[in-house]
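Here are my notes on the sheet in this entry. Please read them with the structure open.

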Amino acid sequence: MPTEAQNILNNANHTAYRCRDAEQTRWFYEDVLGLPLRIAFSEENVPGTNEPTPFMHLFFQLGNGDFIAFFDEPTNATPAHFAAAHSFDRHIAFEVDSEEEMLAWQKKINEKGVMCLGPVDHGFLKSVYMYDPNGMQVEITTKTPTYTDYATEQGPKARKNLDEWVQRTREQKVGKFGAEALDNRNIPYPGI
């Protein structure tokens with residue numbers, strides 16, 4: 001939790017992911033999802049490390065001004081980077097104002113030749129799902145009328161639910177990853 005001298009983090013200025021191809025990614029996010037490409041630049045070296053690694057960095061703007069960004073860096077990319085990821089591993093959810101708008105997006109996306117499945121009713125959200133060309137699941141979601149009540153009700157229970165989950169799954173995770181990995185709070189910078 002932030003201290004008194006800190007404000008809570010405001011927004012996700014951008015999230016960034018690797019992409020297989022800049023133009024293929026532009027087509028999906030700009031032509032299919034309607035997010036305008038606002039920034040695109042290439043560099044020859046990794047900022048901060050100056051490692052010689054040519055890359056293109058793309059930024060697509062969301063309606064609130066935040067961005068989703070991608071790196072097209074073929075030097076170190078492998079086909080495994082772009083295998084379809086399970087939604088538990090990696091997905092991004094974009095929000096729209098109503099179920100009708102969500103279903104209109106689903107229709108438009110399907111008409112563009114991209115399989116968009118759903119809707120799935122999560123109780124507090126309804127969502128439709130597709131994959132981008134980079135193997136990342138993309139969700140378009142809308143809040144249901146119970147969203148605010150659900151979030152308010154869950155807030156006081158969140159830490160207790162987390163603690164119960166940790167207790168329930170710790171032994172299994174220690175067997176898979178080791179206690180040292182689970183207890184590590186000094187995460188080293190992996191480099192590039």
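1. The model is predicted.

2. Start with the overall layout. Four strands make up an open sheet, ordered E5-E8-E7-E6, with mixed pairing. Strand E5 (91-95) and E6 are the edge strands, and each pairs on one side only. From one strand to the next, the twist averages 25 degrees.

3. Look next at strand E7, residues 125-131. Is it mostly covered or mostly open? Mostly covered: five of its seven residues are buried.

4. On one side, E7 pairs with strand E6 (residues 117-121). The two run antiparallel and are joined by three bridges. Leucine 117 has tyrosine 129 of E7 as its bridge partner. The pair forms a hairpin, with three residues between the strands. In that turn, glycine 123 has a positive phi of about 90 degrees.

5. E7 also pairs with strand E8 (residues 137-143). How many bridges join them? Seven, and the strands run antiparallel. Tyrosine 131 has glutamine 137 in E8 as its bridge partner. This hairpin has five residues between its strands. Here glycine 135 takes a positive phi, near 85 degrees.

6. The mixed pairing deserves a check at E5 and E8. These two strands run parallel, joined by five bridges. Histidine 91 stands opposite glutamine 137 in E8.

How values were computed. Residues numbered from 1 in each chain as written. Predicted model: local features only at pLDDT ≥ 70, side-chain atom pairs only at ≥ 80, totals over all residues. Heavy atoms only, no water. Buried < 20%, exposed > 50% of the residue type's maximum accessible area, 1.4 Å probe, protein only. Pairing = 2+ DSSP bridges. Axes fitted to C-alpha atoms, helices over the stretch in contact; angles between N-to-C directions.
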